[in-house]
Amino acid sequence: MHQLAESIETAGALAGVDVPEQEFVRLLGYPRGWVLKGRVRELADWARDWYTKHGKPWFYARQAESLEFERVAARGDTIRIDGVEFNSKRLRSTFEQAGAHGAVLVAVGAGPEAEEEARRRWSEEKPDEYFFLEMFASAVVEQLTTFAGARLCDWAEQRGMAVLPHSSPGYPDWDVAEQPQLLKLIRRTRIEQFPSRVDVFDSGMLNPKKTQLAVFGITRHRERLQKLTSLVPCESCSFGPCQYRRALYRRAPRTTAEPLPARSTVLDADARYTVNLKALQRWTEERLAMQPGSDGSIDITFRYDGTTCTNMGRPLAYIYNVKLGPREDQYPILEQRCSPAKDDTGHESMCKYLEDPDGLTATIESEKPLNGQRLNAVLEWRREPNAAGCYCDPLSRHHKWGLVLETIHYALLKMELSGEKI
Ligand code: SF4
């Protein structure tokens, strides 16, 4: 640690991070006091052991040289740290109310190892291991931020100052698009080396994603904190042994800016599909297209390529159109349609089509299984297996609708778990 007058810069790697059980349980989506048992217990212990053996957590913190917000009042919610402007209503108002005179820039990370292992588990069709390791790495990031804050509190209290609640790009009132400039600013180290490689995408997402950047204000006006609890970080600080605590810890909401996977995803994360995951992944990549609407709905197209069962197995192609309602409504299936692809002529060779072209076309278009139900319903839909490539038999048509809806479920669940957007 290097201290210049009332300044601080500290960095390093840690041998381990002691994640409290209740914080891990909270991130797994369970209520307060929940006791993990059975398979869930095994998975939680496995994730902790794996990270203890292979994880490489790190931290960096530096007091900024300068903080301005009074003289940039004309710019609304702007604050300027070391000459770099940021726009966060909450950060600025906290700084103003507490009379902050300085800011400490913090970066912490769980390292890339756990993410890579979790990805590997997912590709091996082990979604439970994926989820628990992802969650444990998220808990590590939260603990690192808590430790960084606690260390700053100790440093500040000994100098007659106090630390304010931290904020990060991606929090309410701070656009995640400002993440790149914050990373660039934090990387302007003084004496210490920045401990780990971190990249940032144009979207503001950090890579490795189990990384957090944060800004903590510091103030000499400790008396102001007694009047306003919103200026005190203790309510969301789980640091047990603290001797300066000013407010009771209330189980914190999630604090990392990255969109973490949640067990409480609106899609069933324990989905058991009738199709194997490799096929679902391939169809997601090759056959599925999704277009988000401005009202939260999603328009989806799936192309099915098959062959007729008679007439020498002629190739045919059908297009499935599905409209889903918003995620917050748990993806209700609003519209469904199945019709021959524009350039397809193979469907005209199906025996039922030869018998009654208009009748078969109308029947196919009229069938909308699970319409009005939520997408999760496909997991409960019991269908007779039917591998026929054609559309003559109702069972084969149901079978294909099942493949389509399972692929959509798989694609959306994967996005939810990985934090990707459509
Ligand atoms: S309990 Fe409050 S004073 Fe103590 S480390 Fe946490 S935030 Fe700082």
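Two residues are in contact if their C-beta atoms, placed from the backbone, lie within 7 Å. Of the contacts in this chain with a separation of 6 or more, 71% join residues 24 or more positions apart. The model is predicted.

**The chain as a whole**

The chain has 422 residues, and 36% of them are buried. It holds eleven helices and 14 strands. Along the principal axes, its C-alpha atoms fill a box of roughly 90 × 50 × 35 Å.

Confidence comes next. The mean pLDDT is 87, and 92% of the residues reach 70 or more. Residues 254-263 fall below 50, yet this stretch has 32 contacts in the model beyond near neighbours in sequence. Where pLDDT is low, the predicted coordinates should not be read in detail.

**Two open sheets**

Strands of a sheet pair through backbone hydrogen bonds, either parallel or antiparallel. The table sets out two sheets of this chain.

| β1-β2-β6-β10-β7 | five | antiparallel | β1 (9-13), β7 (162-163) |

Take the five-stranded sheet, in the order β1-β2-β6-β10-β7. β1 and β7 each have a single partner strand, so one side of each lacks a neighbour in the sheet. The partner of β7 is β10 (residues 211-219), joined to β7 over two bridges in the antiparallel sense. A162 stands opposite T219 in β10. Helix α5 packs on this sheet and touches β2 (58-63), β6 (100-109), β7 and β10. The direction of α5 makes about 145° with that of β6. Helix α6 (residues 179-186) lies across β2, β6 and β10. It runs at about 70° to β10.

β13 (residues 315-324) and β14 run antiparallel and are joined by seven bridges.

**Helix α2, with two sides**

Helix α2 covers residues 38-54, which is 17 residues. At 1.5 Å a residue it should span 24 Å, and its end C-alpha atoms are 24 Å apart, so the two values agree. Its buried residues are L43, A47, W50 and Y51. These cover an arc of only 95° around the axis, which puts them on the same side of α2. They pack against α4 (113-123) and α5 (127-157). On the other side of α2, G38, R41, D45, D49 and K53 are exposed.

**A loop residue, R327**

R327 lies in the loop between β13 and β14. How exposed is R327? It has 17 other C-beta atoms within 10 Å, so it is partly exposed; a buried residue would need 20 or more, and an exposed one 12 or fewer. Which residues does R327 contact, leaving aside its neighbours within four places in sequence? They are V266 and G296. D45 of α2 is exposed. R327 and D45 are 282 residues apart in sequence, and 31 Å apart in space, C-alpha to C-alpha.

Notes: Residues numbered from 1 in each chain as written. Predicted model: local features only at pLDDT ≥ 70, side-chain atom pairs only at ≥ 80, totals over all residues. Helix = DSSP H or I, 4+ residues; strand = E, 2+ residues; numbered from the N terminus. Pairing = 2+ DSSP bridges. Expected span 1.5 Å × (residues − 1). Arc of directions from axis to C-beta. pLDDT = per-residue confidence, 0-100. Axes fitted to C-alpha atoms, helices over the stretch in contact; angles between N-to-C directions.
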